[in-house]
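Welcome, and thanks for taking a look at this one with me.

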Amino acid sequence: MSKQTHAFQAEVAQLLHLVTHSLYSNQEIFLRELISNASDACDKLRFEALNNTALYEDAPELQVRLSFDKAAKTLHITDNGIGMTAQEAIDHLGTIAKSGTKDFVSKLSGDQKSDAQLIGQFGVGFYSGFIVADKITVETRRAGAAAAEGVRWISGGTGDFEVETITRNERGTSVILHLREEALEYANTWKLKEIVGKYSDHISLPILMEKEEWKDGELIDPSNEEAGRQPGGMVKTGEWETINKASALWTRPKKDISDEQYADFYKQISRDFEAPLTWTHNRVEGSTEYTQLLYIPSKAPQDLWNRDKKAGIKLYVKRVFIMDEAEALMPSYLRFVKGVVDSADLPLNVSRELLQESRDVKAIREGCTKRVLSMLEDLAKHDKAPEASAEVTDVLSEEDKAKLGQYSKFYAEFGAVLKEGLGEDFGNQARLSKLLRFASSTHDTVSVSFADYKARMKEGQDAIYYITADTLAAAKNSPQLEVFKKKGIEVLLMTDRVDEWALNFVHEFDGTPLQSVAKGAFDLGKLQDEEEKKAAEDAAETFKPVLAKLKEALKDKAEDVRVTSRLVDSPACLVVTDDGMSMQLARMLKQAGQSAPEVKPVLEVNPEHALVKKLDGSVHFHDLAHILFDQALLAEGGLPADPAAYVKRVNALLS
Ligand SMILES: Nc1ncnc2c1ncn2[C@@H]1O[C@H](COP(=O)(O)OP(=O)(O)OP(=O)(O)O)[C@@H](O)[C@H]1O
């Protein structure tokens, strides 16, 4: 193929413009990105070669070489990995395929300073080469292709790039950076070694550089040693040495890995720019052997709610990279966990389909799930300082001090996803229930566990009371809470969308039933004294005729009408039957465009309320009845079926 010019995809051009025009606070990440690509390319080759060893040609030892030429102002990053065909070079180096990167580019504001910071944190893969280079040449040949099918790709990082066919004997890719004047410091052995040590030590592939040795300068006058020598300098010896540790991080003993190295590795595999919240690293022995290094991120990704989002686990088999996003290794409700699993038992040619069926994989998945739950339990245990006294933090170990507040942080980001586990993972339901946190009528922050609640239960209270609502304000001000407030009974406020669904699977905690305050007949059991019960019964009796009329007037809207002692200040509220779908869930399903059964609630009225007292004998009985119902609906976050009719009725009464 003779030389062809191609235009970059619009997003790439935009990104390149930013990369080249932004002052970088963290220039050196370009090397991390390019070495990471080189390492990926070697992983890909190793994987393809499982079924075709001929791909190794005469170079079975995979490696990355760094070299520079000060005079030519170039820096070469060369790998003997999978390489690219011409089409692959055009596709991969001219477009952004990854949706995450595309989204990221669309978020850039155009303000160079803040964008630069963002790009610096995010990393932009191959294109980061343009941070330090004003031109990049890529020479590559796909493993298995003939030497004559090599490709040269050149771009100055503006609107377009050129591609042509070349002859290239070596398999793999050389990325040649033509360094900008202000980036010449990277043409230096020490500098490169330092950056590799910082970012790429854990790469399992050897990264090689040519050895340098000190050489004294020539004699100024060969006949007279006394006259001294020219200045000496470092010279290349022609021998190559490995400059990184070249052992996969997770294979090293824990004690040899610093927190910083763990965090760097996390950033590398997750593309997150924040350090992880916590991690766990273990070798599991027994019938299934594997190493797990699992991280919990500090922040939820934007697509956390996408249930199709793949798990963040990379699968290796005996240190050979097999696949990214191995969803079979982690249940969906732990999809936020990132990390590596390296199995000693799985076959190297394992496919996604096979993973689903493998017993070893099942054991790994269970093991990983348990590990993550233990990690969360540990954070939860140390979330708050023991209450005894303020000074007590002094007796906490440094390690425990570091954990203070971590679980709350985790829960704010991922708590709602964790709840999906209640319906997905019955085996761990009890453990998950203990990890739940809620706000309550007495605690505004999402910090109350079922166990905390139980410990504070009133004498005679035999249920854990809760209410679900769209927002915390709606939950807190719900009429159904009135009597609980009056009696000082705590009610859990559940405002996550997933709560209703999740609670279908949890009916009790540690032997105490969960009871919605908006479901079923009102019964506070022992919390109500005889006098109150008697008063309620009497009221029900005297109110019977009015109830009958209300029932008739509202027969299309309400399943039933009854008096209640649930209310204190409000005239009425709506409840559903014990096994009925809550009004809130029905609304949510409707909003999501799903079919929800028509919920006909029960209207409960407060016989002590002035408005309710007014009903009997009123000429506006019919209108008042409907207003009562619609207001109860409004109070719990719903909308009257016919809002205009409601307004008309209220206006008629007001005028
Ligand atoms: N050294 C290389 N050898 C073979 N292919 C490469 C090499 N470098 C880049 N590529 C190809 O170019 C693509 C784009 O690289 P780029 O670094 O921009 O993104 P990425 O590696 O897919 O994503 P990210 O860097 O964000 O993980 C890669 O997916 C790969 O297919």
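1. Let's begin with strand S14 (residues 338-343): six of its six residues are buried, so the strand is largely enclosed by the rest of the structure. A strand here is a DSSP run of E with at least two residues, a helix is a run of H or I with at least four, and both are numbered from the N terminus. "Buried" means that 20 or more other C-beta atoms lie within 10 Å of the residue's own, with 12 or fewer counting as exposed and anything in between as partly exposed; C-beta atoms are placed from the backbone.

2. A word on what you are viewing: this is a predicted model, in which local features need pLDDT of at least 70 and side-chain atom pairs count only at pLDDT 80 or more, while totals for chains, interfaces and linings use all residues. Residues are numbered from 1 along each chain as its sequence is written.

3. Which residues of S14 lie on each side? Lys-338, Val-340 and Asp-342 are on one face, with Gly-339, Val-341 and Ser-343 on the other, and all of them are buried.

4. S14 has partners to look for (strands pair if DSSP finds at least two bridges between them). Strand S11 (residues 290-296) pairs with S14 in the antiparallel sense over six bridges, and there Thr-291 has Asp-342 as its bridge partner. Strand S12 (residues 312-317) pairs with S14 in the parallel sense, again over six bridges, with Ile-313 opposite Gly-339.

5. Stepping back, the domain assignment lists domain 1 (4-242), domain 2 (249-381) and domain 3 (437-654), with bounds that come from an automatic or database assignment. The centres of domain 1 and domain 3, taken over C-alpha atoms, are 65 Å apart.

6. Finally, the whole chain, with its 21 helices and 22 strands. Its radius of gyration is 34 Å, well over the 26 Å that the globule rule gives for 655 residues, so the chain is more spread out than a compact globule. That radius is taken over C-alpha atoms, and the rule is 2.2 Å times the number of residues to the power 0.38. Along its principal axes the C-alpha trace spans about 125 × 55 × 50 Å.
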